[in-house]
Amino acid sequence: GGLALTYAAAARSVRAAADLVAVSGAQAQATGADACAEARRIAARNGVELSGCEVVGDLIDYVVQVDVRRSVGWRLPGLPERVTATAYAGNVTGVP
């Protein structure tokens, strides 16, 4: 019971951090800054590790994809030791 709920909360937290990291990277890309460097900085501030970052497109149309992970700190049979999440953010013109 309790550990499974804690694991689920950790997974939600990592997904929320991934979204924030992706949006921060996209904002950096919009200003011409290094999207992945900003994503790494924001990931560290939010207690997750940036395990992947990719920018596709140019300064006008782009998508930033980030992969983040965090150790849950304990092992529960049947569940991984780390929770991971992928998020996307960017600007694509012509898409409502």
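Helices (H or I, at least four residues) and strands (E, at least two) are DSSP runs, numbered from the N terminus. The model described here is predicted: local features need pLDDT of at least 70, side-chain atom pairs count only at pLDDT 80 or more, and totals for chains, interfaces and linings use all residues. Residues are numbered from 1 along each chain as its sequence is written, and side-chain values use heavy atoms, with hydrogens and water left out.

**Helix α1 and Ser24**
- Ser24 is a residue of helix α1.
- Because its relative accessible area is 10%, Ser24 counts as buried (under 20%; exposed is over 50%, partly exposed in between; 1.4 Å probe, protein chains only).
- Not counting residues up to four places away in sequence, Ser24 touches Glu38 and Ile42 (contact means heavy atoms within 4.5 Å).

**Nonpolar core**
- The largest nonpolar core has 24 residues (a set of buried Ala, Val, Leu, Ile, Met, Phe, Trp, Tyr and Cys residues joined through side-chain atoms within 4.5 Å).
- Two or more residues of this core come from each of α1 (2–30), α2 (35–45), β2 and β3 (82–91).
- Helix α1 supplies the largest share, nine residues.
- Val21, Leu50, Val66, Val68 and Val83 have the most contacts inside the core.
- Leaving aside neighbours within four places in sequence, Leu50 is in contact with residues including Val21, Cys36, Ala39, Val66 and Val68.

- Val63 belongs to strand β2, which covers residues 62–71.
- Val63 counts as partly exposed because its relative accessibility is 31%.
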